[in-house]
Amino acid sequence: MVPRTFLGAFILSSITRVISIIIPKQIYNLKSHPMTVQFLIRLQLLLFAWMAHVRLSKALERYFKDRHIQSSSSSSLKEQYTKISTTQTSKFIANYYLLITASQFHLPYYASRLLPNTFATILVTLSYAAWFNNNPHFTAAYLVFTTAIFRCDILLLLFTIGLTMLIRRELSIKHAFIIGISTGIFSLIVTVPLDSLLWGRLIWPEFEVWWFNTVDNRSSEYGVFPFHWYFSRALPKGMLLTALLVPLAFIRLPESSTTKLQTQKQSTSIQQASRRLGMVDLNLLHFFVPVCGFILIYSFLPHKEIRFIFPAIPMFNVCAAYGMSKLHHMAFSASNQHESMKSKRRNYKLFILRGIYLCGLGSIACTLLGSIIFMNISKENYPGGVALERLRYHLEQETSEKWNTIHVHIDVASAMTGVSLFGQRYISYRYLNREEEVYEGPFHISKSGYEEENSSKGSTEMALFTHLITEQQSVEGYYVIDTIQGHPRLDIRNFRIETQDAIYIQERTGLGTKLTRQYK
């Protein structure tokens, strides 16, 4: 088993503990409501993610405003043309970033899930915000902290961004060493004592993860994908049609179209600057290239999952938002300047510009629609959690005198599809019907796992369980009391979500009666 840090869970649970102290038990006792505790913890994580994205959006707005001010005070042709690029962009890019991020599926869907990837994505998003705020020291510190505690693979992003900051002289080698060593020591002081105490041995979790993935090279045991998978499958799936807006961040075509409509009286020098700079927009290039380099280097690892590149998606969304804000400026700024002109040719151009802008909005709308479809499909991916709730209902319908002890066994497939410790405590509490604190009493739950010590039980031990939640349809000595659907698949031809039998709830022969209630 690859260990992970308890730090994220410790922070969230500590906040929840404070909430439970503030709220009187006579009003609402959180200890006896495990599912409420789970909701509060995931809500906290969601709020942290939301605040990180809001902070990045404000940093973007400030960055383009500063670029506009700098170009206004500069006499160079390049900066004068940059002024045209950034005049209106800063007004829209923050809102478009939040809109594009919210329209996608994966970042919002995973924003409240207690995974190291979620904590890492939040911290990396904050590092991007610091970078746009021209604070490279905090950028590097965030990345070092994230690497040491939550995701060792962020080391690759630290390398590409750090190298970029050194090349651009945003950070000196001396300061880079100081930040790396000081933040690294602080991270170890935070993670090693806590995790060693909770894991019961001296441990630095992310070092063991790094050793497992690189030295032992065992991550491929969980499946491999081709080198190009992140670029050809993962990013298009994560961004959907908003990915089409990313290239617009690096070309000047939308701005040059606006400029042609607006700048009949434009100075010859700025027109020369436009021609010299060509079609390339370099405003975000030095931010975007290191993130692409991170994905490129990560592609050499055979085992790939889309959640591994979640920290890169916010920067792609920044570029998409920049492209969309340029479309907005192109469509509306030109029309406002020339609304009194009756030339059919100009009206025709405005019609085309507005149409291009609507296509950009359409890509966001289609992405949102795709996210809704993904969400409905993903709801069927947790038959284990549904099975635990169905078992709770079944036990509530039976009289407790039938069993002295209830012992439920949950296999690997069920444990990986929605069974949580909160759910386990909830079912035991509801069954025992206690009004005070949750108490296991005669209710026990055992789990299987991939590890040898948690492998599936033998036939002798299996006979000790009263109920099974398992992917096996037939187990000797047990009969099926309910079947849960899972393994969803979108039937495009009939436009419906198809499922199949995934998890079975089984009861030991001779105990109780079959569940008669029908679930839809």
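Figure 1. Phe207 is partly exposed because its relative accessibility is 39% (buried means under 20% relative accessible area, exposed over 50%, partly exposed in between, with a 1.4 Å probe and protein chains only). Trp211 is partly exposed too, at 38%. Helices are DSSP runs of H or I with at least four residues, strands are runs of E with at least two, and both are numbered from the N terminus. This is a predicted model, in which local features need pLDDT of at least 70, side-chain atom pairs count only at pLDDT 80 or more, and totals for chains, interfaces and linings use all residues. Residues are numbered from 1 along each chain as its sequence is written, and side-chain values use heavy atoms, with hydrogens and water left out.

**Figure 2. The buried face of α10.** Helix α10 spans residues 205-215, and Pro205, Glu206, Val209 and Phe212 are buried in it. Seen down the helix axis, these buried residues fall within an arc of 120°, so they line one face of α10; the arc is that of the directions from the helix axis to the C-beta atoms. They pack against α7 (136-149) and α9 (173-199), where contact means heavy atoms within 4.5 Å. Just after α10, Asn217 has a positive phi of about 50°.

**Figure 3. Aromatic pairs.** Rings of Phe, Tyr and Trp (its six-membered ring) pair if their centres lie within 6.5 Å; planes under 30 degrees apart count as stacked, over 60 as edge-to-face and the rest as tilted. By this rule there are 25 aromatic pairs. In one of them, Phe207 and Trp211 have ring centres 6.1 Å apart and planes at 45°, so the pair is tilted.

**Figure 4. Tyr230 and Tyr298.** The ring centres of Tyr230 and Tyr298 are 5.9 Å apart and the planes are at 55°, so this pair is tilted. Tyr230 belongs to helix α11 (residues 229-239) and Tyr298 to helix α14 (residues 285-298), so the pair ties together parts 68 residues apart in sequence. Both Tyr230 and Tyr298 are buried.

**Figure 5. A ring cluster and a lysine.** Tyr63, Phe64, Trp131, Phe132, Phe287 and Tyr322 are linked into a cluster by ring pairs. Lys326 lies over the face of Tyr322, 4.6 Å from the ring centre. A charge sits over a ring if NZ of Lys or CZ of Arg is within 6 Å of the ring centre and within 35 degrees of the ring normal.

**Figure 6. The five-stranded sheet.** The sheet is open, with strand order β2-β1-β3-β5-β4 and mixed pairing; two strands pair if DSSP finds at least two bridges between them. At the edges stand β2 (443-447) and β4 (478-491), each with a single partner strand, so one side of each has no neighbour in the sheet. Neighbouring strands are turned by 20° against each other on average, direction ignored. Strand β1 (residues 406-410) runs parallel to β2 and is joined to β2 by five bridges. Opposite His407 stands His444 in β2. Helix α17 (residues 383-397) packs on the sheet, touching β1, β2, β3 (467-470), β4 and β5 (496-508), and its direction makes about 145° with that of β4. Axes are lines fitted to C-alpha atoms, for helices over the stretch in contact, and angles run from 0 to 180 degrees between N-to-C directions.
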